[in-house]
Amino acid sequence: MTASPLPKREFGRLASGEFTSLSSDYFVLRAAIFYGSHVNLDSEQGKWLGDALKLARYLDPYYAEPYWMAGAVLPWLGQPDTALDILLKGEKYKPEDWKIPFNIGFIYYYFKQDIQKAAEYFQKASSFSDSPAYLPMLISRLYSKHGRGNMAVAFLQRLLGDTKDPLLRKKLSKRLKALKMLNYLQTIAQDFKKEYGRYPETLDEMTQRGFVKEIPRDPYGGEFYITDENRVWSTSKLR
Amino acid sequence: MAKIWTLAVMTFYEGMRERVFLGVLVFILFLLLISGILAQLSIGNTLKVTQDIGLGGLNILGLFIALFLSTQLMAKDLDKKTVYLVLCRPVSRGQYIFGKFVGLAFLNALALVAGFVLFLLALFFFSATSDLINPPVIAWGKHIVAFLFLLLQMFLVTAIAVFFSSFASNGLISFFFTLIVYFIGCNLNNVKLILESKIGENISPSLKGIFSFAYWTLPNISLLDLKSWAVHDMTLSVAELGLRFAYGTFFIAALLFLAASIFSRRELS
């Protein structure tokens, strides 16, 4: 069962007159009460929630709560595209809010499996001065974990060039060192495949066959290994 | 000027004696005081909702006085024939119109200033005691500017009410005409946006023409609405603010002169 029908957005704006901000508050409140009063929402109810947030955003595009709710709730209700639609419009009206590109990045990563776009938006989010310090690390791990090691290295090198804080520089340098090692080992593994038509079972096989003198040590204290998907990764997960 | 002032004072006291006015004033003042408590019903940035309720409440108070009280007081003079008592004195009809406007505007301004002071106190209290992790910065200066524009907006609506009252046969007609012009004035920019969107492609040219005429002749009241600007701490240049202020003032003056001109020629039975 859905809540009562929502007005068309143009009608909602005309009827609100100069009280569009208050109307937006009302529809956010309705959406919050609707969401909070249902344990599990079906697809129809999820759609209603998405429409309510779209309407609230349309009435007051500078109000943060519709964007916040869209990013936090809608994708889990099977509405990632609606969430993206709302959040992408939010970039124009709230360009100072890092949480909007962050939420877009997360939706692309988790729901759309589009790593390229995810990293692009996480990168945008990390450029804000009040964004969390862990974001640059997250971006580099995202690139390297999904076979884009060169992009991770290039991203971190650029970031290192712009960073003055000594503690952050130390962390970034460590991450960069680990990523360069991963890239190097991945390149060796690909050379192994060209030679033998298959990837090595273990990294030790590469040393035994003379492709590499020794496997370098992970700066994070873990051990490098080759995954079932034939990618070089570390037991430390670079943490 | 002295005659206009005397009329203004008389109108002011007449308005103060209206029980409905006092009732609405007390209600709105109470609403402003509890705006922060009401905002707790919402989620997230409750201070934003507090500001919306406060500024919205002030807007409604101003509208009540400008729309309802203005048309009623003007109509009462004509219905009870008290206008003759004024006009048989050496007071021109133009002075009568201006005197009425000043009195109504002063009544509106006094109520709104009282409300605004309460709103600021309530907002200060709720922002100081807020439990938000990252409370938003409140642009106090912009709230004052938005309030001044709200006053101007209400003076404009009062001028519209006085204009229609100068020729309407009864208070109800002038009330509805004022309400219609106010509603259209609030939505001129909204309709313009709709006509420029995909929906506008299906609208007939004649309707677009009618809208264009309305856009250029009727007062664009939304230009004086700076509530969102203050709440979201947005940017507007001093030049832009000045232009909007001049726009509002121009319309008020034009409407009053038109009203004075029409009323001067009106046959009073």
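Tutor: Happy to. Let's start at Phe101(B): setting aside its neighbours within four places in sequence, Phe101(B) is in contact with Thr158(B), Ala159(B), Val162(B) and Leu256(B). Keep in mind as we go that this is a predicted model.

As background, nonpolar side chains in soluble globular proteins tend to be buried together.

Helix H6 of chain B covers residues 93-128 and helix H11 of chain B covers residues 238-265; their axes come within 8 Å and cross at roughly 135 degrees. That angle makes H6(B) oblique to H11(B). As for handedness, H6(B) passes H11(B) in a right-handed crossing. On the H6(B) side the contact uses Arg93(B), Gly94(B), Ile97(B), Phe98(B) and Phe101(B), and H11(B) answers with Leu256(B), Ala259(B), Ala260(B), Phe263(B) and Ser264(B). Sorted by class, the residues of this contact are seven nonpolar, two polar and one charged.

H4(B) brings Leu67(B), Phe68(B), Thr71(B), Gln72(B), Met74(B) and Ala75(B) to the contact, while H8(B) brings Gly171(B), Ser174(B), Phe175(B), Thr178(B), Leu179(B) and Tyr182(B). That contact has seven nonpolar, five polar and no charged residues.

H8(B) has another partner, helix H9 of chain B (residues 205-217): the two axes come within 10 Å and cross at roughly 135 degrees. That makes H8(B) oblique to H9(B). This time the crossing is left-handed. Ile184(B), Leu188(B), Val191(B), Lys192(B) and Leu195(B) of H8(B) meet Lys208(B), Phe211(B), Ala214(B) and Tyr215(B) of H9(B). By class, the contact of H8(B) with H9(B) splits into seven nonpolar, no polar and two charged residues.

Next, look at where the two chains touch. Chain B puts 22 residues into that contact and chain A puts in 18. On the chain B side, the elements giving two or more residues are helix H4 (46-79), helix H8 (171-196) and helix H10 (227-231). This side of chain B has eight nonpolar, 10 polar and four charged residues.

Let's finish with some loop residues over in chain A. Gln113(A) lies in the loop between helix H6 (99-110) and helix H7 (115-126) of chain A. Its phi is near 50 degrees, a positive value in a residue other than glycine. Most residues other than glycine have a negative phi. Gln113(A) is exposed because there are 10 other C-beta atoms within 10 Å. Asn230(A) also has a positive phi, near 65 degrees. You'll find Asn230(A) in the loop between strand E1 (224-226) and strand E2 (232-234) of chain A. With 14 C-beta neighbours inside 10 Å, Asn230(A) counts as partly exposed.

Phe128(A) is in the loop between H7 and helix H8 (135-145) of chain A. It is partly exposed, with 17 other C-beta atoms within 10 Å. Phe128(A) and Asp97(A) are 31 residues apart in sequence, and their C-alpha atoms are 8.0 Å apart in space. Glu201(A), in the loop between helix H10 (166-196) and helix H11 (203-208) of chain A, is exposed, with 9 other C-beta atoms within 10 Å. From Glu201(A) to Met151(A) is 50 residues in sequence and 26 Å in space, C-alpha to C-alpha.

Terms used
Residues numbered from 1 in each chain as written. Chains lettered and ligands numbered in written order. Predicted model: local features only at pLDDT ≥ 70, side-chain atom pairs only at ≥ 80, totals over all residues. Axes fitted to C-alpha atoms, helices over the stretch in contact; angles between N-to-C directions. Helix = DSSP H or I, 4+ residues; strand = E, 2+ residues; numbered from the N terminus. Parallel < 35°, antiparallel > 145°, perpendicular 65-115°, else oblique. Left-handed = near helix turned anticlockwise from the far one by under 90°. Contact = placed C-beta atoms within 7 Å. Nonpolar A, V, L, I, M, F, W, Y, C, P; charged D, E, K, R; others polar. Buried ≥ 20, exposed ≤ 12 C-beta atoms within 10 Å, placed from the backbone.
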